[in-house]
Amino acid sequence: MNYAQLLSNGIEKADLTLAQICRRLLKKGIKLEKTMLSKLKNGRIPPAKDEVNIAIAEVLEMDPNQLRIAAAKETIPKPLYKLIREVG
């Protein structure tokens, strides 16, 4: 499952609006506009930075590592990702 699908599923399961998620993120010190969250959810922009993904996962009550790994898969070069998997 890619980053956008994982995020979209998390939002659906949490049953929160994008505005509610953004307000909860703001309480954690992360300012994210609804439009940006929508673009992340729909895969129209690259995955968010690690600290943002951790906060989003906490708000959505999902495993932060799943979201972080999905983001890394899409943001780091494929050869580097492959090397990391091989080395462990």
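The structure is a predicted model, in which local features need pLDDT of at least 70, side-chain atom pairs count only at pLDDT 80 or more, and totals for chains, interfaces and linings use all residues. Residues are numbered from 1 along each chain as its sequence is written, and side-chain values use heavy atoms, with hydrogens and water left out.

**Overall fold**

- The protein chain holds six helices and zero strands, where helices (H or I, at least four residues) and strands (E, at least two) are DSSP runs numbered from the N terminus.
- The radius of gyration, taken over C-alpha atoms, is 13 Å for the protein chain, close to the 12 Å that the globule rule gives for 88 residues, so the chain is as compact as a globular protein of that length; the rule itself is 2.2 Å times the number of residues to the power 0.38.
- Along its principal axes, the C-alpha trace of the protein chain spans about 40 × 20 × 20 Å.
- Among contacts in the protein chain with a separation of 6 or more, 54% are between residues 24 or more positions apart, a contact being heavy atoms within 4.5 Å.

**Asn-53, a buried residue**

- Asn-53 lies in helix 4 (residues 50–60) and is buried, with a relative accessible area of 1%, where buried means under 20%, exposed over 50% and partly exposed in between (1.4 Å probe, protein chains only).
- The side chain of Asn-53 makes a polar contact of 2.5 Å with the side chain of Tyr-3 and also reaches the backbone oxygen of Ala-48 at 2.8 Å; a polar contact is a pair of N or O atoms within 3.5 Å, and within protein one must be able to donate a hydrogen and the other to accept it, while residues adjacent in sequence count only if both atoms are side-chain atoms.
- Leaving aside neighbours within four places in sequence, Asn-53 is in contact with Tyr-3, Ala-48, Leu-67, Arg-68 and Ala-71.

**Surface and burial**

- Of the 88 residues of the protein chain, 33% count as buried.
- The accessible surface of the protein chain comes to about 6,000 Å², of which 52% belongs to carbon and sulfur atoms, with areas from the Shrake-Rupley method and a 1.4 Å probe; for residues, only the protein chains shown count as cover.
- Leu-80, found in helix 6 (residues 78–87), is partly exposed, with a relative accessible area of 38%.
- Gln-66, in helix 5 (residues 64–75), counts as partly exposed at 43% relative accessibility.
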